[in-house]
Amino acid sequence: MESGRRRGLSSVLSSLSLLCVLLDLQLDGATPVEIEHHLEMGRKLLAAGQLAEALSHYHSAVEGDSKNYLTYYKRAAVFLAMGKSKSALPDLSQAIQLKPDFLAARLQRGNILLKQGNTEEAREDFLAVLNRSPDHEEAHDQLHKADDLELLQKEAHEAHHRGDFITTVQVLEKVIELSPWDPESRELRAQCYIRLGDPRKAIMDLTPATRLRSDNRAAFLQLSQLHYSLGEHHDSLSQVRECLKLDQDDKECFSHYKQVKKLSKQLDSAEELISEQRYQEAIEKYESVMRTEPNVAFYTNKAKERICFCLVKMKSAEEAVDICSEAHQRDPQNIHILRDRAEAYILQQEYEKAVEDYQEAREFDQENQELREGLERAQKLLKQSRKRDYYKILGVGRSANKQEIIKAYRKLAQQWHPDNFQSEADKKEAEKKFIDIASAKEVLTDPEMRQKFDSGEDPLDPENQQGGGGGGSREWPFGFNPFEGGNFHFKFHRH
């Protein structure tokens, strides 16, 4: 009885042991049928251009059979098709390790190493191919390229060492053509562009360099600094954040990040205030910008330009002309500054200067419709000022409100009332002045007529009336002739 129980227990333990072995085999790798299925699906998906899906199947195939050199090679092909040469290299190396005479993998690895600028290791792979296949044409060609690249790299570094940055750039052009995946060559050319005063080209080289190294914090920081120097604060913030993603404790990146973030916030806030027509607050914010970054000319220039704009909007003409003139000196070809100063001159009724500024601005941008319309308006106002300027007649600014206009009118009408004068000559001069004063009040207190006048058209000029000019009797303001009958009796009513 006891021995029967022992035999039964032994049989159960033996079955469990066999089950564990089978489970281990199942977990260790897929069956040959499953592996073949993954390879076939990978091939079809690769042919269809569905690279991510193909890669997933090749991952499964490699996990199922880690000793198959072809599987690694095929997965490397997918990585290359996806533009991930760095990921392809380990698979090609594994394929070569499993099958040292696998020439296709050798040649492919050599090509990648050459494009990465690694001439020494690339040469080893091309020689290994030629050792087994001496007539291999591609291997011969690539070996010559490796020799040429090595000589060019040496030439570029020598030119850079002696400070000949133009020659360095010219040689590196050829270097990068042979080794486009070499971050060192792009970084060296970027430094040359910086020394030659061309930060935009430096940015074009550093941007791909950030992707060619796994941890290229230095390139991200320099990109951020270059964008910052050009006034591109949003791009600067974006690049320095990439640096901090790689290492949030990087001291240089964090210090620069704090500065860019502070300045960017101030600039965005200032523009938001302008959009809300809160011009005085916007001026104060731009003054903060100049304090935050006094050393980069772009931000001071930008602040001066926008303060000039705000002052014009606030109709602070005298101050606007001063600030706009300072901004114009700093940035002579800035059409916005010229436009805003022209508008400030218009507020001061200095129309000739306004015309000059608009003409100068148009020299830099002939197609700009706003400048064309501004010039036409300034020219009309200049022409109009040589006839009658209702603002000057009443002695008020172009920004005067209705109350100020009526007050000025009453004062002048009393002063130039013809009854105040005795001689015939004085009376005639007073009549003329009084007509102009009355006309000015009529135009400037009527919103529609004032708008026409402000756009350079005199609404009381017969030439501007329908039916053309000349002839006809003058219709007096307020519907009556103040000089009819020769006695002048006026009562001034409050409006």
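By class, six nonpolar, two polar and 11 charged residues make up the lining of the largest pocket (Ala, Val, Leu, Ile, Met, Phe, Trp, Tyr, Cys and Pro count as nonpolar, Asp, Glu, Lys and Arg as charged, and the others, Gly among them, as polar). The model is predicted: local features need pLDDT of at least 70 and side-chain atom pairs pLDDT 80 or more, while totals for chains, interfaces and linings use all residues. Residues are numbered from 1 along each chain as its sequence is written, and side-chain values use heavy atoms, with hydrogens and water left out.

The largest pocket holds about 500 Å³ of space. Its lining has 19 residues, and the closest to the pocket centre are Val312, Lys315, Glu343, Leu347 and Arg377. A pocket here is an open set of points on a 1 Å grid over the protein atoms alone, where a 1.4 Å probe fits, with protein on both sides within 12 Å along at least five of seven lines; lining residues have an atom within 4 Å of a point. Points are joined across faces, edges and corners, and the volume is the space filled by probe spheres set on them. At least two lining residues come from each of helix H16 (297–313), helix H18 (335–347), helix H20 (369–385) and helix H24 (447–454). Helices are DSSP runs (H or I, at least four residues), numbered from the N terminus.

Two of these helices, H16 and H18, have axes that come within 9 Å and cross at roughly 30°. Axes are lines fitted to C-alpha atoms over the stretch in contact, and angles run from 0 to 180 degrees between N-to-C directions. H16 and H18 are therefore roughly parallel to each other (angles under 35 degrees; over 145 counts as roughly antiparallel). In the contact (heavy atoms within 4.5 Å), Glu305, Cys308, Phe309 and Val312 of H16 meet residues of H18 including Asp340, Glu343 and Leu347. The contact of H16 with H18 divides into six nonpolar, one polar and four charged residues.

Elsewhere, helix H7 (residues 119–132) packs on helix H8 (residues 137–161) at an angle of about 160°, with the axes 9 Å apart. That makes H7 roughly antiparallel to H8. Their contact has eight nonpolar, four polar and three charged residues.

Helix H9 (residues 165–178) and helix H10 (residues 183–195) have axes that come within 9 Å and cross at roughly 150°, so H9 is roughly antiparallel to H10. Eight nonpolar, two polar and four charged residues form the contact of H9 with H10.

Methods
Parallel < 35°, antiparallel > 145°, perpendicular 65-115°, else oblique.
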